[in-house]
Amino acid sequence: MTEQIKNSTAEMSSPYQPLVDAPSPGGMRSGNPRIFRLVMVTIALAAIFLIIYGLATGTGSLSDPDSGMLLLILGIIILFCTPMAWVRKEVFEVFNTQRVGHAVAMVAGLILFVATYWLFGFYIAGALGLIVITRWSAVESWRNTLLVSLITPAVLYLIFATAFNVAMSLLPGWL
Amino acid sequence: MDAITNLFSGFEVAFSPYNLLFVTLGVLIGTVIGLIPGLGPVTAIALLLPITYELDATTAIMMLAGIYYGSMYGGRIPAILLGLPGDASAVVTTFDGYPLAKQGKASQALSLTAIGSFIGSTVAILTLTFLAPTMAKIAGNINSADMFILASLGLLMIVFLGSGSKAKAMIIGCVGIAIAAIGIDPIDGNARLTFGSLDLLSGINIVAVAVGLFGIGELIYNAEHGFYKGTKDLNIKTKMPSKADWLLARFAILRGSIVGTLIGIIPGGGGPVASIVSYGVEKKFSKNPEKFGKGAIDGLAANETADNSSSNSSFIPLLTLGVPPNPVLALIFGALLLHNITPGPTLINEHPELFWGVIASMYIGNIVLLALNLPLVGVFVQMLRIRGSIMAPIILLVALCGVFSVRNSLFDVITAIGFGVVGYILRKAKFDLGPFILGFILGPILEVEFRRTMLVSDGDFGIFLDRPVFLGLVMVILIAVVATSVNRLRKRQAQLRQRANNPDHTMYI
């Protein structure tokens with residue numbers, strides 16, 4: 001049982017995140033993967049930027065701290081912690097192209113929604129985005145895809161525009 | 001006696017048909033979202049945060065509180081029936097809940113945990129009722145320096161009590177503060193990190209950040225890992241626990257209530273910690289510890305009770321000190337800010353209808369939950385038939401609609417999507433997102449109170465040393481830091497001892 005608790009707590013990368021995600025599709029690997037290195041480098045660059053921006057904005061003095069003081073302190077803390085986070089040994093999920101493809105399809109559907117919003121308005125753009133997400137990310141049949149994509153925006157229109165009186169026009173912005 | 005009089009005035013607020021409707025809706029939606037494998041209380045609150053923008057502050061917080069403890073109730077259903085924990089706190093529920101279900105005792109396990117959750121929650125709400133006003137009274141004369149210390153404590157405890165890398169938690173907390181700094185400086189009115197954008201001038205909207213990180217990001221992550229596939233042939237009929245089960249579980253429920261209530265108050269505590277600790281405590285007290293992990297009814301009762309009582313008691317630091325002890329409460333803090341209400345020591349005097357109304361609504365919500373979870377458990381179970389691949393696209397568009405509705409702004413929708421992608425990438429890089437949202441919420445408070453204190457004291461840090469709150473809290477922080485270090489040292493020593501005893505292992509010192 002103790003082992004059971006140990007395993008479960010070890011799996012809790014965050015105590016507030018759902019754990020139901022299926023075991024990592026391609027298993028786990030030790031060593032820092034490319035995504036981790038990319039994130040850490042981006043964070044380090046952002047920290048350097050915060051320091052420069054903070055100094056440029058003006059840090060003021062201790063008796064009268066200025067706008068840049070907070071950014072400077074944040075930049076220094078992040079930069080100080082980055083090497084400690086880098087050297088910690090952890091296991092990461094192995095990259096699985098097919099599975100990541102489903103995540104990419106969801107993002108693509110969201111981008112399609114944003115791109116077509118001005119042209120078609122919230123609900124039609126939403127329906128288009130849902131087609132991509134339901135078909136290629138959730139991998140549902142065409143029948144289910146069309147049902148979800150058509151019914152969801154219609155119900156949301158009734159809830160938000162009709163019941164909550166939110167100014168979400170059925171028509172595109174240019175009309 | 002004041003507390004009881006005020007509580008009755010709170011019931012007057014909570015019993016209005018409008019508030020009753022939203023409390024009931026909150027617990028119902030919370031239960032349904034909680035039982036969907038893959039969606040926990042943070043996601044539930046994040047996704048529904050925009051909808052509460054349309055409501056008045058008291059009703060909004062009553063509903064969000066209902067969603068929170070409703071999702072805690074809901075999370076136990078798939079954990080017991082399918083061995084699928086909806087969130088981290090339900091992991092321990094699977095240890096004994098799922099074996100009990102396999103032994104044909106699913107209905108009894110569900111009923112017992114519903115009753116245990118109700119008792120645990122009631123103990124926590126009673127504590128909240130009688131402790132909160134006293135705490136608020138003590139906290140009534142705190143100043144900027146104290147507020148800065150309290151906010152720092154809230155953030156540091158989350159960092160140090162988190163399960164992952166402390167350095168990563170510190171980094172992500174600072175990133176959250178930096179994102180919150182975008183917009184107009186609250187003290188001198190200068191634009192910061194806006195790069196000339198008018199949209200950024202008003203800052204990044206909390207709703208967009210919350211929905212993005214915890215809603216959209218979670219769904220993208222689930223898309224990669226495969227959605228819940230749905231389960232057929234789940235027919236559960238309500239069956240009350242037997243007398244023997246009840247006798248076995250009654251003291252476990254009592255202990256779970258106390259442990260959960262205490263852990264819920266501590267920043268960084270919350271459901272997952274409460275359920276693990278109470279499970280461990282119960283195993284020590286149990287006459288049959290060997291049954292734990294194989295269907296021990298007392299183990300199940302203890303952890304489920306503690307889980308729910310902690311969700312209710314976590315409102316104590318939020319409502320009295322203005323310190324959200326976990327990310328869910330940070331989002332509720334954000335909801336209050338959206339309504340121009342700052343939680344803290346002044347809340348009880350400035351908004352008594354909200355303070356007491358929310359507490360009263362918790363009593364009502366828990367009774368509604370018990371009523372829903374005992375006779376209607378079979379109906380909720382049917383929700384587990386629905387595939388995640390059908391739910392996810394629907395939830396996604398609801399989330400986008402909600403974000404858009406707050407300010408009718410496509411910029412907010414784009415921000416939410418952006419944070420969704422960032423949240424997904426950060427999870428892939430094994431970053432805990434809890435400190436981010438706490439940093440985002442507490443960042444502006446930290447900055448404003450620090451700068452005010454420095455202005456008042458003319459840059460003298462000695463002002464912090466004059467405050468008894470500071471000395472008390474420094475002690476707490478030191479104990480937390482020392483305890484973490486000692487724990488790590490002991491683990492390391494145990495590992496070394498184990499290696500030393502292993503003849504096949506060569507040690508180089």
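Select chain B. With 509 residues, a compact globule would have a radius of gyration near 23 Å, and chain B agrees, at 23 Å. That radius is taken over C-alpha atoms, and the globule rule is 2.2 Å times the number of residues to the power 0.38.

Before going on, note that this is a predicted model, where local features need pLDDT of at least 70, side-chain atom pairs count only at pLDDT 80 or more, and totals for chains, interfaces and linings use all residues. Residues are numbered from 1 along each chain as its sequence is written, chains are lettered from A and ligands numbered from 1 in the order written, and side-chain values use heavy atoms, without hydrogens and water.

**Stop 1: all of chain B**

Show the C-alpha trace of chain B. Along its principal axes the trace spans about 70 × 65 × 55 Å. Switch to cartoon: chain B has 23 helices and two strands. Helices (H or I, at least four residues) and strands (E, at least two) are DSSP runs, numbered from the N terminus.

Of the 509 residues of chain B, 63% count as buried. Buried means under 20% relative accessible area, exposed over 50%, and partly exposed in between (1.4 Å probe, protein chains only). Now think about contacts, meaning heavy atoms within 4.5 Å. Among chain B contacts between residues at least 6 apart in sequence, 79% join residues at least 24 apart.

**Stop 2: two helices inside chain B**

Two packed helices are described by the angle between their axes and the distance between the axes. Select residues 57-81 of chain B, helix H4, and residues 327-338 of chain B, helix H15. They pack at an angle of about 165°, with their axes 10 Å apart. Axes are lines fitted to C-alpha atoms, for helices over the stretch in contact, and angles run from 0 to 180 degrees between N-to-C directions.

H4(B) and H15(B) are therefore roughly antiparallel to each other. Angles under 35 degrees count as roughly parallel, over 145 as roughly antiparallel, 65 to 115 as roughly perpendicular and the rest as oblique.

Show side chains. B:Ile61, B:Leu64, B:Ala65 and B:Tyr68 of H4(B) meet B:Val328, B:Leu329, B:Ile332, B:Ala335 and B:Leu336 of H15(B). By class, this contact has nine nonpolar, no polar and no charged residues. Ala, Val, Leu, Ile, Met, Phe, Trp, Tyr, Cys and Pro count as nonpolar, Asp, Glu, Lys and Arg as charged, and the others, Gly among them, as polar.

**Stop 3: two loop residues**

Select B:Phe195, in the loop between strand E2 (191-192) and helix H9 (198-201) of chain B. Its phi is near 50°, a positive value in a residue other than glycine. B:Phe195 counts as exposed, at 59% relative accessibility.

Next, select B:Asp458, in the loop between helix H21 (434-457) and helix H22 (462-465) of chain B. Phi of B:Asp458 is near 60°, a positive value in a residue other than glycine. B:Asp458 is exposed, with a relative accessible area of 59%.

**Stop 4: from chain A to chain B**

Select helix H4 (residues 97-120) of chain A and helix H10 (residues 206-225) of chain B. Their axes come within 6 Å and cross at roughly 145°. On H4(A), the contact residues include A:Arg99, A:His102 and A:Met106; on H10(B), they include B:Ile216, B:Glu224 and B:His225. By class, the contact of H4(A) with H10(B) has nine nonpolar, two polar and two charged residues.

**Stop 5: inside chain A**

Finish with helix H2 (residues 34-57) and helix H3 (residues 67-87) of chain A. Their axes come within 7 Å and cross at roughly 155°. H2(A) and H3(A) are therefore roughly antiparallel to each other. Their contact has 19 nonpolar, six polar and one charged residues.
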